[in-house]
Amino acid sequence: MSEWFKKQRRELLQIIEKFTPTDGTHDTQVPGLRFIRVSRLSEPVYSVYEPSLCIIAQGSKAVMLGQEAYHYNPNSYLTASIHLPITGQVIEASRETPYLSLQILFDMDQILDVIQVSGEAIRARGETGRGLKVSRMNDTLMDAVLRLVKLVEAPEDIPLLAPSTIREVIYRILQNESKTSLMQFAVIGSHAQRIAMVIEKLNRDFAQPLRVDELAEEARMSPSSLYHYFKEVTGMSPIQFQKHLRLQEARRLLFSGSIDAAEAAFQVGYESPSHFSREYARMFGLPPVRDVHRLRSSLIDEMTTNF
């Protein structure tokens, strides 16, 4: 690692620390740019990753996609190419040395635009791989990301410079090891692009009954091909993917305190509350009521500690 890279990383760390006075996710004035601060090792956090670039300035994190684990730290970065239900856990952090990171959200239109303007040859046709990837950080990507982050200190420059800098960030990712991961979803008619359409539908209609034959017909694939390529991209079968989405949404509804477990089960598509409770406990470790109580107790403890 060069001294220049170390200097860039220190500067990135200082800016994120300056704009994250408390633990949590902090949106910035730069569209799509978020900063995250965590001051202690975290419990597993269940969420749906949006298409994005995630970079750690300090600390480290583990992400689970299905049964696969992805670890990254300041020497690497993670790209999520599509909406994926994941489990994330900060595994290196303390009050003295908090976990500090950033996330840059993007979409396929931005990637296609960069590909078209740059004249980059699309070589992902026929290739299908995971929608989540960890790659090694390099100087050119760090430089582009740091220039984007610096815009939070010069808000008057954001309207003019942010769009072009985000385009450069995407271009640098496409040049790096994540090329196939991102580019495969931008190839019209590719297996990955069709699976992305199926994933979009499942994210939108997760409470509806899952009919693989209908999904396959919409994707212009056979049911067996849909199953195969869906698992290539997500590490899960369509039914497992839907289950993750349903249970994560049910947990969010329960934590909000507006409904009980039976109502949450029906809202996310379960016909049997007892079946819902069994699958919920299998995923989160406790039945719904006890799990939500644990979450609330943990939140109170965290707020007391921070205070």
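Predicted model: local features only at pLDDT ≥ 70, side-chain atom pairs only at ≥ 80, totals over all residues.
Strands of a sheet pair through backbone hydrogen bonds, either parallel or antiparallel. Strand β7 (residues 76-80) runs antiparallel to β10 and is joined to it by five bridges, and tyrosine 77 stands opposite serine 135 in β10.

Isoleucine 195 has its place in helix α6 (residues 191-204). Because its relative accessible area is 0%, isoleucine 195 counts as buried, the cut-off being under 20%. Leaving aside neighbours within four places in sequence, isoleucine 195 is in contact with Met221, Leu226, Tyr229, Phe230 and Val233. Lysine 231 is 36 residues away from isoleucine 195 in sequence, while the two lie 9.6 Å apart in space, C-alpha to C-alpha.

| Pocket | Volume | Lining residues by class |
|---|---|---|
| Largest pocket | about 1500 Å³ | 18 nonpolar, 11 polar, 12 charged |
| Second largest pocket | about 370 Å³ | seven nonpolar, six polar, four charged |

Of the 41 residues that line the largest pocket, Glu43, Pro44, Val45, Tyr46 and Gly88 lie nearest its centre. Among the elements that give two or more residues to this lining are β1, β8 (84-92) and α9 (238-256). The second largest pocket is lined by 17 residues, with Gly66, Gln67, Met236, His244 and Met283 nearest its centre, and α9 gives the most to this lining, with four residues.

Notes. Residues numbered from 1 in each chain as written. Heavy atoms only, no water. Pairing = 2+ DSSP bridges. Buried < 20%, exposed > 50% of the residue type's maximum accessible area, 1.4 Å probe, protein only. Contact = heavy atoms within 4.5 Å. 1 Å grid on protein atoms, 1.4 Å probe; cavity = no way out; pocket = protein on both sides within 12 Å on 5 of 7 lines; lining within 4 Å. Points joined across faces, edges and corners; volume = space filled by probe spheres on them. Nonpolar A, V, L, I, M, F, W, Y, C, P; charged D, E, K, R; others polar.
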